[in-house]
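Hi everyone, thanks for coming. Let me put the structure up on the screen, and then I'll walk you through a few places in it.

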Amino acid sequence: MQQQSWILPGGYIDAAGAIHREVELTALTGREEELLARMDTPSAELVTEIIARCVRRVGAIEPVTAEIARGLLVGDRQYILLLLRQLTFGDKVQATISCPWRDCGERIDIDFNISEVPVTRCEQPQAFYRMQVEPDMLAGSDIPGLQAGTPLEIEFRLPNGADQEVVGPYVAHNQSEALTLLLTRCIKSIGQNEQAVAEIINALCGKARHQIECEMEAHAPSVELTMETDCPECGRSFIAPFELQDFFFGELKVSTDLLYREVHYLAFHYHWSEEEIMRMPRERRRQYLDVLTDEIERLNDAAG
Ligand SMILES: [Zn+2]
């Protein structure tokens, strides 16, 4: 039996301040594959739905609702996707990318193990963090009510799935607006006046915004989504980013045709209901298909 529980790199902090870090997962079943096959592009909403379906427990929280899945930190959600990929397809990932050097562009196979993907864990996760933006970083900002030469005090929380769902649609067409929205959601207080968060964020210069963003990243748990690799064709090395959602969902996007064919085949020979077969993890379904294939070959050999 494979390990079924893991420790989140960040953790879920509930309303009472208790932290929940242990997760229990189940592999994807035919139902999730069907859901994925029907989606055109991976979205934060889909990640929320997959997590709510496949995560049985987060610490003492059970069942894991969509609301809880949304409340998980971005890095924790990425970590869960990696684990689900590992549970459903095994540890080894085989992907093909193009060498980014213009004069080369050769297709390269890259293989790696999920268990070797570096994960940055939080030492002591907190619900809120405090920071200061120093006056010299505020030179281009015109902040209402802030005296010149005084640092800006900020208290923030780390971005979670709910933020990804709201901010996601803005990222593609307006990065700056996306960051403003994210900061407005994650900053609990800024400066002296708790009410004026949005107004002050709008008044911040690029330098100050960048510093806040970096500070958030420094505290957040994360999954390393780039790897250094060498091109066997031109011999140069480069950093290859991999879009976790794309590779994860891309791989899972079996055609519904194939899925229904498998269901039909199992139902036909074993007389199980569609409902029962769709509840099976992919691996189990494939094992029965292998047994059936062997059996049919054996019968054919005996007949011939
Ligand atoms: Zn190359």
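Let's begin with N202: is this residue buried or exposed? Its relative accessibility is 57%, so N202 counts as exposed, the cut-off for that being over 50%. Please keep in mind that we are looking at a predicted model. N202 sits in helix α7, which covers residues 197–203.

Now please move over to E34, in helix α1, residues 30–38. E34 has a relative accessibility of 11%, so it counts as buried; the limit there is under 20%. What does E34 touch, leaving aside residues up to four places away in sequence? The answer is L259, Y260 and M278. With Y260 there is a polar contact, side chain to side chain, at 2.5 Å.

L259 also takes us to our last stop, as it is one of the α10 residues in contact with α12. Helix α10 spans residues 256–270 and helix α12 residues 282–303; their axes come within 11 Å and cross at roughly 60 degrees. That angle is why α10 counts as oblique to α12. The crossing is left-handed. On the α10 side, the contact includes L258, L259, E262 and Y265, and on the α12 side, R285, R286, Y288 and L289 are among the residues involved. Sorted by class, this contact has ten nonpolar, one polar and three charged residues.

Key. Residues numbered from 1 in each chain as written. Predicted model: local features only at pLDDT ≥ 70, side-chain atom pairs only at ≥ 80, totals over all residues. Heavy atoms only, no water. Helix = DSSP H or I, 4+ residues; strand = E, 2+ residues; numbered from the N terminus. Buried < 20%, exposed > 50% of the residue type's maximum accessible area, 1.4 Å probe, protein only. Polar contact = N/O pair within 3.5 Å; in protein donor to acceptor, adjacent residues only side chain to side chain. Contact = heavy atoms within 4.5 Å. Axes fitted to C-alpha atoms, helices over the stretch in contact; angles between N-to-C directions. Parallel < 35°, antiparallel > 145°, perpendicular 65-115°, else oblique. Left-handed = near helix turned anticlockwise from the far one by under 90°. Nonpolar A, V, L, I, M, F, W, Y, C, P; charged D, E, K, R; others polar.
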